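Dear colleague,

Please find below the structure that I am handing over to you.

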Amino acid sequence: MKRLRPIPSLLTLFTLSSATAALPQDRTWIVTDRQVALDTRDKLEELDLIDSEEAVFNLVPSTGPLVTVEINRAGLGRLKTIVHREYNHCGGFSPHSNRAEARAQERRPAYQPNFTLSSPKFAAVVDQQAVVVPALDEIDATRIAAVVCKLESFHNRHYDTDNGQAASDYLLQLWESYTSSRSDITVRKVPHDDWKQDTVMARIEGRETPSEVVVIGAHLDSIYCVEYPGLDRTCTRDHPAPGADDDASGIAAVSEILRVVASSDFKPRRTIEFIAYAAEEEGLKGSRELIQKEYSGTDRQVIGAMQLDMVGFKGSEKDVYFVSDATSQQLTDFVKSMIATYNSSAPHRIEVGEDITCGYACSDHVSWYEEGVHTVFPFEANREQSNKKIHSEGDTGDHMRSIDSDHPLRFAKLGLEYVIEMAKGHTPQPPE
Ligand code: BES
Ligand code: ZN
């Protein structure tokens with residue numbers, strides 16, 4: 001039976017099949033791209049799955065680029081599947097426990113068409129050659145591989161399991177071991193209210209303007225999901241999820257940058273914070289909560305945030321592809337000029353490809369961007385050629401390294417240049 005298409009402008013409630021009434025508690029509110037919501041609604045019809053199971057898909061009328069949809073489990077399962085198939089990505093929406101929260105998210109300035117970041121606090125000048133050039137030679141491929149290997153061995157790093165928590169403990173110890181000789185570096189865990197895994201942070205105190213913070217981060221959690229084509233997609237906390245590329249690679253690169261910076265005698269003018277976010281795969285929950293708890297309403301001013309998420313699989317011809325949505329053009333250009341300065345020839349050569357887009361809130365940089373922070377997100381490949389094994393048992397180090405095992409190294413170099421050039425070296429004043 002083919003249904004008539006509802007008239008979009010009148011469509012405030014779109015309830016598919018109503019053999020049994022949905023339980024009120026089986027409701028959640030998501031925020032998603034307007035086009036994704038409209039396409040999903042169309043596909044739900046086309047698939048003719050609408051009589052097989054009840055699916056609620058209730059679009060809240062609005063005018064911006066994002067929409068709020070009241071949805072139930074069945075509806076959400078289909079939305080995820082359609083998003084995955086049609087847009088070739090997995091999430092594409094942010095879940096909220098009530099309508100007011102969802103609508104507030106939908107209306108955030110960062111999602112309005114005329115949104116622009118305020119002028120950057122950093123001067124886009126590359127002038128730290130004396131520090132960066134020798135530091136680049138210290139980046140160690142075997143250490144990066146060892147951290148990836150260790151993180152893979154946790155069965156999974158699901159954000160709400162003991163495994164996920166054990167991964168935080170391991171990283172805390174690793175980062176402490178890298179920084180124990182420095183009194184200007186503190187390493188700590190930031191616990192979260194609703195799940196087991198902690199966020200891990202290392203902070204190098206700036207010597208001149210400590211409230212100005214340069215952030216570099218990656219996500220510590222991993223996840224395993226199964227797709228049921230046309231029906232549902234479920235993620236479990238029990239199944240193995242090595243998450244080597246997504247995102248042990250990013251954590252290993254951030255760790256190596258911390259090690260090299262901490263073992264050098266570089267003393268930054270601004271503060272540098274290295275962050276291993278918990279619970280990214282659960283809808284950026286860790287980074288959002290961290291920002292609310294640790295930064296909002298304080299004098300800490302984040303002047304830039306780099307995200308390293310999936311830096312291990314060289315699926316494309318060029319080495320690095322910059323994500324152009326929910327990122328800062330100025331900061332991206334600045335990082336490109338660092339590459340032009342430091343990575344134009346062997347042994348540190350890095351080739352930059354055409355910019356790409358995620359098209360949705362795909363990683364933790366978005367949590368910063370929503371707060372008006374200048375962000376940059378260098379990625380492993382072209383969007384279509386990135387690692388297809390993520391969120392499966394196949395996201396292993398062996399698979400990630402199968403094309404070119406040096407890939408994470410390039411991102412560690414890039415991140416090292418970024419933290420040094422953004423934070424700048426402190427020049428001690430000569431005694432009078
Ligand atoms: N690393 C991925 C994001 C990604 C995947 C970027 C492929 C570019 C290409 C990230 O860990 C992830 O899985 N994100 C989720 C969304 C998140 C908000 C739950 C996703 O893409 O489904
Ligand atoms: Zn992921």
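Predicted model: local features only at pLDDT ≥ 70, side-chain atom pairs only at ≥ 80, totals over all residues.

Residues are numbered from 1 along each chain as its sequence is written, chains are lettered from A and ligands numbered from 1 in the order in which they are written, and side-chain values use heavy atoms, with hydrogens and water left out.

**The chain as a whole**

The protein chain has 12 helices and 15 strands; helices (H or I, at least four residues) and strands (E, at least two) are DSSP runs, numbered from the N terminus. Of its 432 residues, 57% are buried. Buried means under 20% relative accessible area, exposed over 50%, and partly exposed in between, with a 1.4 Å probe and protein chains only. Among the contacts (heavy atoms within 4.5 Å) with a separation of 6 or more, 83% join residues 24 or more positions apart.

**The nonpolar cores**

In soluble globular proteins, nonpolar side chains tend to be buried together. A nonpolar core is a set of buried Ala, Val, Leu, Ile, Met, Phe, Trp, Tyr and Cys residues joined through side-chain atoms within 4.5 Å. The largest one here contains 67 residues, and Trp175, Phe274 and Tyr418 have the most contacts inside it. Helix H7 (residues 244-263) supplies the largest share of this core, 11 residues. Another core, of 14 residues, lies apart from it and includes Phe57, Leu59, Ile71 and Phe93.

Which residues does Phe274 touch, leaving aside its neighbours within four places in sequence? They are Trp175, Val200, Met201, Ala202, Ile204, Ile216, Val254, Ile257 and Leu258.

**Helix H7 and its partner**

Two packed helices are described by the angle between their axes and the distance between the axes. H7 packs against helix H12 (residues 407-423) at an angle of about 50 degrees, with the axes 9 Å apart. Axes are lines fitted to C-alpha atoms, for helices over the stretch in contact, and angles run from 0 to 180 degrees between N-to-C directions. H7 is therefore oblique to H12: angles under 35 degrees count as roughly parallel, over 145 as roughly antiparallel, 65 to 115 as roughly perpendicular and the rest as oblique.

On the H7 side, Ala253, Ile257, Val260 and Val261 meet Pro408, Phe411, Ala412, Gly415, Leu416 and Val419 of H12. These residues divide into nine nonpolar, one polar and no charged. Here Ala, Val, Leu, Ile, Met, Phe, Trp, Tyr, Cys and Pro count as nonpolar, Asp, Glu, Lys and Arg as charged, and the others, Gly among them, as polar.

Ile251 also belongs to H7 and is buried, at 1% relative accessibility. Beyond its neighbours within four places in sequence, Ile251 is in contact with Leu151, Leu171, Ala218, His219, Leu220 and Ala276.

**Backbone details**

A cis peptide bond, with omega about 5 degrees, joins Asp246 and Asp247, and Asp247 lies in H7. Another cis bond joins Ala346 and Pro347, with omega about 5 degrees; Pro347 is in the loop between helix H9 (329-342) and helix H10 (365-369).

His155 is not a glycine, yet its phi is positive, near 70 degrees. His155 sits in the loop between helix H5 (141-152) and helix H6 (162-179) and is partly exposed, with a relative accessible area of 36%.

A colleague
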